[in-house]
Structure formats: C-alpha cells, structure tokens
Amino acid sequence: MRIYREKDYEAMSRRAAAVIAGEIIHNPACVLGLATGSTPEGAYRYLVDWYKQGFINFRHVLSVNLDEYVGLSPDHDQSYRYFMQSNLFDHVDIVPENTRVPDGLTADTDAECARYDAYILSLGYASLQLLGIGRNGHIGFNEPGDCFVKQTHVVDLTESTIDANARFFPTWDDVPKQAISMGMGAIMGAKKILLCASGEEKADAIYNSVCGPITPGCPGSILQLHPNVVLVADEAALSKLIAAGVKV
Ligand code: F6R
C-alpha cells in the first residue's frame with residue numbers, strides 16, 4: 001500500500017484528484033468506481049477545475065458508483081445520483097449514459113443488484129476505485145458484520161452510519177435506513193484502489209484497515225489483500241498510524 005500523507009483536507013483532495021486525473025490521462029476510456037460523501041467533494045472540485053482548464057476530459061470515461069440509498073429518487077437532493085450530478089457529472093463532458101448509480105427506487109432490489117454486478121463484470125471491473133471510509137470502517141456501505149459480502153446487495157445501515165448521515169436530513173427519521181451497495185467482489189476486482197480519509201474521526205478506521213486483523217468487523221481491512229492500494233489521507237486521519245510508529 002502506498003500512503004500519501006497530506007497536511008489537511010485541501011491537500012488530501014488535491015492529491016486524490018491528481019491520482020484520478022493521472023488515471024484518466026493514462027487511460028482515457030477508464031472505468032472509474034466513484035464514491036460520494038464529504039471526503040471526495042474536494043477532489044471532485046479539483047477535477048472539475050482541471051477539466052475547465054482543459055487538462056483532462058471525461059469524453060470516454062465510464063463510471064460506476066458504489067452505492068445509493070433505497071427509497072430516494074435521483075432528484076432528491078440527498079440521493080447519491082444527485083450528489084454525483086451536482087459535484088461532478090453536470091460540470092464535465094462525461095456521457096450521461098456512461099454513468100451508473102444503483103437505482104434506489106427499483107421495485108426489485110435483487111434484480112437491480114444482479115444487474116449492477118453484471119454491468120461491472122461486463123466492463124472488466126473498475127480501472128480505479130475511489131473509496132471513502134466510515135468511522136466504523138465501512139467501505140461503500142459494507143458495514144461491519146460476520147462476513148464480507150461479495151455481491152452488490154441491500155444493506156441495513158448501522159446506527160452509527162445513520163447518525164453520521166443525519167446531518168444531511170431534517171430529522172433522524174428522514175435518514176434512509178437501507179442502501180444498495182457494491183459488494184467486496186466489485187471493489188476488490190478494481191485494478192487500483194484509491195482510499196481517501198480526512199479528519200481525526202477516521203483515525204481508528206484507517207489504523208484498523210491498514211494495521212489491524214483482516215476481519216469483516218472492520219470492512220476496510222480487506223484492502224490489505226489488494227495488491228494496488230493508494231491511501232491518501234491527512235495527518236489527522238493518519239494520526240493513529242503515526243503514533244504507532246508506522247512509516248507514512
Ligand atoms: C459513499 C460511501 C461511504 C462513504 C463513507 C465516508 O459513497 O460509500 O462509504 O465513503 O461513509 O463518508 P464521508 O466521506 O462523508 O465521511
């Protein structure tokens with residue numbers, strides 16, 4: 001695992017964007033596995049800026065997102081489709097049909113999950129999978145549990161995740177309690193993984209993912225088994241690794 005230690009959120013965002021831009025420049029028809037949440041917002045801002053300056057384009061890029069809330073429509077301002085449109089897709093030249101986010105409104109979640117996996121498989125998996133990480137170590141919405149789930153699946157979000165998401169909704173009751181998430185098969189199938197983290201509240205999850213036992217109790221720990229992971233994090237998120245004497 002290559003670790004980039006950055007001073008703060010802004011530097012983390014710029015470095016993460018540089019890794020993604022590098023992938024696009026190297027392979028203009030790459031498949032980007034994309035994430036939502038606070039962590040990648042800054043990186044998307046840099047990518048939009050670099051697109052506007054003509055350094056990169058998304059003409060041939062395909063994207064598959066990690067997850068979507070069950071029950072939210074694409075135009076709900078807290079849906080992950082809406083997030084992707086407003087943070088990235090609406091501002092660059094990506095072809096709309098080349099962007100995929102699980103359908104949170106599907107009447108048949110099993111069929112939607114199977115369809116999503118078949119699509120990712122048909123692309124040969126992501127060239128680069130971008131990941132944030134939950135305070136409890138979740139990646140995508142693969143929450144801590146008894147096993148790693150391979151396929152795209154419906155997840156009952158944990159209380160800690162619902163609490164973390166509650167800041168975006170009027171009340172706790174409005175926060176979706178389920179999501180469709182890519183499973184570990186699609187995530188680990190990516191040729192390269194870019195894990196990003198910022199802030200002290202992620203320090204335990206990063207420490208456990210990098211140094212802890214490989215266990216579904218900390219879903220991020222599965223990344224230790226991937227041969228090509230780049231971790232881009234700020235000093236606060238790396239603080240437990242630094243305190244433990246890990247060279248970063
Ligand atoms: C988002 C996702 C989640 C987030 C994680 C961290 O698509 O899959 O795993 O990456 O919950 O969220 P933030 O970045 O908001 O701290």
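**Exercise 1. Locate Gly42, decide whether Gly42 is buried or exposed, and list its contacts.**

Solution. Gly42 has its place in helix 2, where helices (H or I, at least four residues) and strands (E, at least two) are DSSP runs numbered from the N terminus. The model is a predicted one, in which local features need pLDDT of at least 70 and side-chain atom pairs count only at pLDDT 80 or more, while totals for chains, interfaces and linings use all residues. Residues are numbered from 1 along each chain as its sequence is written, and side-chain values use heavy atoms, with hydrogens and water left out. The relative accessible area of Gly42 is 1%, so Gly42 is buried (buried means under 20%, exposed over 50% and partly exposed in between, with a 1.4 Å probe and protein chains only). Apart from its neighbours within four places in sequence, Gly42 is in contact with Tyr9 and Ser13, contact meaning heavy atoms within 4.5 Å. Along the chain, Gly42 and Ala17 are 25 residues apart, and their C-alpha atoms are separated by 8.2 Å.

**Exercise 2. Describe how helix 1 packs against helix 2.**

Solution. Two packed helices are described by the angle between their axes and the distance between the axes. The axes of helix 1 (residues 9-26) and helix 2 (residues 38-52) come within 8 Å and cross at roughly 60°; axes are lines fitted to C-alpha atoms, for helices over the stretch in contact, and angles run from 0 to 180 degrees between N-to-C directions. Helix 1 is therefore oblique to helix 2 (under 35 degrees counts as roughly parallel, over 145 as roughly antiparallel, 65 to 115 as roughly perpendicular and the rest as oblique). Among the residues that make the contact are Ala16 and Ala17 of helix 1, with Gly42 and Trp50 of helix 2.

**Exercise 3. Find which residues of helix 3 are buried, and what covers them.**

Solution. In helix 3 (residues 80-87), the buried residues are Tyr80, Arg81, Phe83 and Met84. Viewed down the helix axis, the buried residues fall within an arc of 160°, so they line one face of helix 3 (the arc is that of the directions from the helix axis to the C-beta atoms). Their cover includes helix 2, strand 2 (31-34) and strand 3 (62-65).
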